[in-house]
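Hi,

Here's the structure I promised to pass on.

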Amino acid sequence: MSDTWLSDVKGRFAEARIQLIDEDEQRLAPAHLLRVAPAAWTSAVALCKGLSMRWAAFWAVEQATGFDAFTCLEQEGHYLLLVTSLEEPELDSIAHIYPAADRPQRHTHDLLGIGFRGQLDNRRWTRHQAWNEDDYPLRRDWQAPKSPSPTPPDDSYPFLRASGNAVYEVAVGPVHAGIIEPGHFRFQAVGEKIINLEKHLGYVHKGIEKLAQGRTPDQLTRLAARVSGDSTVAHGWAACMGIERALGVEIPPRAALLRAILAERERIANHLGDIGAICNDVGFSFPLYQLGRLRELLLRENDRLFGHRLLMDRVVPGGVAVDLDQAGQQEMLACCRELESEVAHLIEIMERSESLEDRLMTTGRLTPEWAAELGCLGYVGRASGLDFDVRRDAPYAPYQQVKVRVPGYRAGDVAARAKIRAEEITASLELIRQFIQRLEPGELRSPLPEGRGGQGIGIVDGWRGEIISYLALDETGRVSRFFPRDPSWLNWPALEQLIQDNIVPDFPVCNKSVNGSYSGQDL
């Protein structure tokens, strides 16, 4: 955060008589940390909202006595962490200030037992019926049962109701006919028009935060790479960045370039799949097959050059586990040229399809105002006037060496979200070429100091948008806390807004255009 802007924040705090208990520019750099008393929590957050800061994340850390609660805010690429210490597991809710904080607070309650005063929605979010009311599995003293019994059916979740003679409900999921993960969607509709949608996730809770405790940095990175399988590079990179910052480690320049090449290839592969799936959801299957073919060729090249189709575990603490030789570089450049040409030809065919245009334009529109209110990220935000991109606005190595082109629209409909994906493929291919040109001989991995603790935060731009990973290492160098925030936490609520007044048959394409990760937010 610029000194001027930070001075403004602290000046506003002083005017409101909000006392800073502690501040630190380095402990969780590049974020600036400000600690306030619990009684000043909501006032401090409200002041940040008044300064048009974007809300980004909430998590809590159990201490020897009580808890530390963190909320992360961002503006113009500068990050602020507000922290408060709780002697008792209670804190005022900030969901009335930032609506997107509602579900993260409920998740925190379900796992750590922190109650949020004034929170309007206290329904379970993450643990459903798996544990008793007073079981909080992320607390240190909680022990998992040796012989867990089957989880009772979750058939009593109190969904919001709508009434009226013409109103009917449609229940979808949590088990779907396709290959997507579990999630329940409850519609209220009149005729074909949707008047309300509420979704319930948390069916694939994996215990990521608990499983992280006690792991070494290498073990933690393998776990982070499985937060969401389609974002394995991005989540692995964010976790490694947090580890490296906690330990004061600089990665070699060649490793940074290779990480970026892997991340851009992950972005391209997912966008190819999504564009085809969006078209298929409105009955235009030709792009699905053609783009699926191109995606498969890309994945096969991943396997050939890096040893894994999805690039899992290629990013490691201190650097990377793979290299790219001269022959591989030439092969990749040739494939980039061919892929760019084929994608451009297919996009041209799609743009000539009047029926496709009719189904995608104005469908599932998310207004810029709602996108900003929810803090949407990635292609969802960029299609609705929010062009934030970590690579450009809070650059990290090696993106500070290049110009990152960030496409953006304001229409906020399915067509805009599809266009963003198509243009990002071209932009990512441009970046890959630049990164290959910058590859110089060098080390692939820096050693990590052993037996050293610390805290770190990793912030990278995955293909869905900004990923934030917080971690703390104890004095032996093992993980004591890990919290990864997938962009889906911010984008899932947008689906409930953009679907209103659309027809029920358009839900699949609206859902695909957002493509939130179930696994990424069901930690």
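Let's start with Thr 232, which sits in helix α6, covering residues 232–247. Keep in mind that this is a predicted model. Is Thr 232 buried or exposed? With a relative accessible area of 2%, Thr 232 is buried, because anything under 20% counts as buried. If you skip the neighbours within four places in sequence, Thr 232 is in contact with Ala 225, Glu 266, Leu 310, Leu 311, Met 312 and Asp 313.

Now for the charged residues. Side chains of opposite charge can pair when their charged atoms come close. The count here comes to 45 salt bridges, and I picked out a few for you.

One of them joins Asp 22 and Arg 27, at 2.8 Å from N to O. Asp 22 is partly exposed at 25% relative accessible area, and Arg 27 is also partly exposed, at 30%.

Another pairs Glu 90 with Arg 117, where the closest N and O atoms are 3.1 Å apart. Glu 90 belongs to strand β6 (residues 90–92) and Arg 117 to strand β7 (residues 115–117), so this pair ties together parts that are 27 residues apart in sequence. Glu 90 is partly exposed at 44%, as is Arg 117 at 41%.

Then there's Arg 267 with Glu 424, a salt bridge of 3.6 Å, N to O. It links distant parts of the chain, 157 residues apart: Arg 267 is in helix α7 (residues 253–280) and Glu 424 in helix α14 (residues 414–437). Both Arg 267 and Glu 424 are buried. They also belong to a network of salt bridges with Glu 264, Arg 382, Asp 389, Arg 391 and Asp 461.

Cheers

Notes. Residues are numbered from 1 along each chain as its sequence is written. This is a predicted model: local features need pLDDT of at least 70, side-chain atom pairs count only at pLDDT 80 or more; totals for chains, interfaces and linings use all residues. Side-chain values use heavy atoms; hydrogens and water are left out. Helices (H or I, at least four residues) and strands (E, at least two) are DSSP runs, numbered from the N terminus. Buried means under 20% relative accessible area, exposed over 50%, partly exposed in between (1.4 Å probe, protein chains only). Contact means heavy atoms within 4.5 Å. A salt bridge is a side-chain nitrogen of Lys or Arg within 4 Å of a carboxyl oxygen of Asp or Glu.
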